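Have the structure open beside you as you read.

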Amino acid sequence: MAFNKNKKIVTTALTAAMVASAVAPVAAAKLTPAQDATKAVDGYYKLSVKTKADVSNSAKVKKAALAKVAKLTSKKDAKLKASLTAKVAKKSAAINKYYQTVIVAAENEAKAIAAVDAFLKAAAQVPVTAETTKEQVEKAYADVLALIAKVKTEAKKTEFKAAADKMKADALAKIEELASPKVASVTAINASQIQVTFNKQVLESDLIDGAGALKNVTVTPQTVDGVLASTPGTLKPVLSEDGKTLTLTTATGAKFNGTYSVVVAKNTVKIVKDGSYVGAFEGTVAVSDSVRPTLTGVTYNAAGTVAYLAFSESVTTLDADFSLTSVSRTDGAALDATTVAGFTKADFTLSATKRNVIEVSLTDIAAADANKELNVNLVGVKDEAGNLISPNPVSVKLTKDTTVKAQANIVSVKRASATTVEVAFDKELQTAPTVAINGGAGVLASATGDSKVYEVTLTAPQQALTGIKDVAVSAWNAYNTAGAAGSVTKIVDFTVEKTAPVIESTQLTKIGNVNYLVVNFNEEVTLADLAAGTLTGTVSKPNGDLVAIPTVNFSAATFHNQPLTATKSKTVKINLDTLTTGVAPAVAYTLVPGTFNVKISSGIAKDAFGNASAEKATSFTVSTSTAKLAAPTSFVSKATNPSVAVVTFADKVDVASAETVANYSIEGATITAAKVITNSAAGATVELTLASGSVNHEGVRLVSVKNVKGYADSFAAMNDYSAIKSFTENVAPKLAGATAVKLTSTSTIVVDFDENLVDASAGTDFDVYQNGAKIGSASALDGSDASKVIITLTAPVSSTAGLVVKAASTIDLTDSKLNSVVFTDTAVSN
């Protein structure tokens, strides 16, 4: 039994020991300093750094790793220590490089982009006014370009540059729009040309008469220091395509040399937009040309027989100093004797149409020298002022090209109008084509204004053709080809287009004190088919009367703002000052002030296919004056009430338009009403009521006014007006809180506001009631705190029950900006 008992004890002890051994954790082996440092450095080396926070964290990990590396002080760890230190340095350098080139660069890019964004948005909020100068726009443009230069992303740079360019273009266009029509400058181009530049597009017919002669502009030689400027002869005027630059060229053989007065007479030259006159101009221009001309290029006619030498300015070849110093072949071969004898100075002549071009006839160059490049040295070419060409002599390469060329190709064949078929080629022709329509006899086509386009006039039977027909084109020949072309048949749709020209828009315009209705069509109409027509409808007069107008006749329209030689145009004008009644006997019909709602009769114009224009309903307003109401002379906060803005006009205004709230705006503020206060020949004032608190900050704001007219149509609706004006905040003082009215003693009530107050007079501002009975009191601002009002009761009260403070009828408390306090009946608290 003893053995068994002892055996049980031993077994139990062994089992317990085994369980304890299995359950108890084995203590981890402690890392050596070398292992610890290596582990720390490896952890640092493997760090992923993507953000600024990662960089900050890496610095902490680096510091910890280096601290462990520093503990490697034994000699045996020296090599490991150096390796780990180098590894940390390498990782640190990589992180720093990433930080600078990626994270910092991204931050800088974001800042640069934000700066440009902010600039462009701010610029968009600044209105262009009549006071804005081009220099200010150029300065702003230069500033934003400097900011854009700091942006690295090419796509953003391109986007910003486009936005900046648009900002500049829009601002300059607005400046031009707001500016009064005027002569912007007069400059000398060279000894044969001066330019008169207008700031707006002007009517060509006011500068050039039907014969092509200059009118309404005079250029007169002046005497300076006893020397009279040379006479320029009869000047040839040319107006630029944009209608702003008038170039005046001297007569052949004459030149500008000296000082000239340039005068544009008053009320003679009108702008295209609204027919208003360019201001009278008197100025001088001094012409002293010392700039030497240069050769700018060489071109040839289609035949290759004439070369055109273009120069930087007008030149003359008639001077005895001009000569050919040498002519040679660039391939080194000798010139044929015929070329030597025949190709001379006489082959060089001044172009009859372009003063800066010398035409060189190449016909005297022998066949042996054709298609070979010649080097020609010219000496003594001079401009109109006698300046020698630079360089002098000048060398020019010329070739008489007689090589066989490809034949011209047909680009298109189409029925161009009711009476013509048009054939277009890809190059100029020497011989016109023969055109046979629908199997008929061939007809020689005629040249048009375009040297590559020819047309055939249809016979009466051909004009009646419709549907697909054959058109045979033959026997045409371009220059220097192997022979005339054969016959090419094209399929042409002869169906006559039947769509009537549509009037897209109209505009009442005064030109030379004559009222015109400018009519814009959706396609070109022909000059020969412009016809008379009628207007029918009603007129709404300024007093509100709606009156039916009789059918009135107008004479045939004329082209509007087109060259004198134009035969087609999309825009015509109807003279409204020569209207006559349609009922016999016809009498003159005079436009009256009011809004006309009329129909323009059909058939006043036709397109190339003879389709007559359709009837069109339109409207226009006639004022007793074509002048527009002048912009406001002032737009300010009312001196005695910041919740009122006062707009002042120099003229009497139309009350209805002046009291239309939508015609005014103040950025950020709410306008609730507009009221005309004064209105006479001396001017008008309009008071705008602003919602209390809507001007919540003192300072400048963008304002605008539009659509306001003169009284009884004395002036047409004004141009849209915008400006930056300063406004006083209109936030009213109010109680500082729910318990801002307190009984501080049995005979004192303190009313606490959220800002300092001003009391305009010594009168009572508040009344006190208890249980409905008025209590005697007096109020005054707290001498030490102007945001508080002290109410002194004539008799003490024992409690606040039923105690109420009300605004007196004589209350006149305001803040320093004159905003009246907001106060409603308030119970007094303890």
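About 380 Å³ of space lies in the second largest pocket of this predicted model. Its lining is made of 19 residues, and those nearest the pocket centre are K236, T249, T353, K354 and R355. Strand 5 (236-239) and strand 6 (245-249) are the elements that give two or more residues to this lining. What is the make-up of the lining by class? There are 4 nonpolar, 11 polar and 4 charged residues.

Now for the helices. Two packed helices are described by the angle between their axes and the distance between the axes. Here are two such pairs:

| Helix pair | Axes come within | Crossing angle |
|---|---|---|
| Helix 2 (residues 33-45) and helix 3 (residues 52-69) | 8 Å | roughly 160 degrees |
| Helix 3 and helix 4 (residues 78-125) | 11 Å | roughly 165 degrees |

Angles over 145 degrees count as roughly antiparallel. Helix 2 and helix 3 are therefore roughly antiparallel to each other, and helix 2 passes helix 3 in a left-handed crossing. On the helix 2 side, the contact involves D36, A37, A40, V41 and Y44, which meet S58, V61, K62, A65, K68 and V69 of helix 3. By class, the residues of this contact are 7 nonpolar, 1 polar and 3 charged.

Helix 3 and helix 4 are therefore roughly antiparallel as well, and helix 3 passes helix 4 in a left-handed crossing. Among the residues that meet here are V55 and L66 in helix 3 and L84, V88 and I95 in helix 4. This contact divides into 8 nonpolar, 3 polar and 4 charged residues.

Conventions. Residues numbered from 1 in each chain as written. Predicted model: local features only at pLDDT ≥ 70, side-chain atom pairs only at ≥ 80, totals over all residues. Heavy atoms only, no water. Axes fitted to C-alpha atoms, helices over the stretch in contact; angles between N-to-C directions. Helix = DSSP H or I, 4+ residues; strand = E, 2+ residues; numbered from the N terminus. Parallel < 35°, antiparallel > 145°, perpendicular 65-115°, else oblique. Left-handed = near helix turned anticlockwise from the far one by under 90°. Contact = heavy atoms within 4.5 Å. Nonpolar A, V, L, I, M, F, W, Y, C, P; charged D, E, K, R; others polar. 1 Å grid on protein atoms, 1.4 Å probe; cavity = no way out; pocket = protein on both sides within 12 Å on 5 of 7 lines; lining within 4 Å. Points joined across faces, edges and corners; volume = space filled by probe spheres on them.
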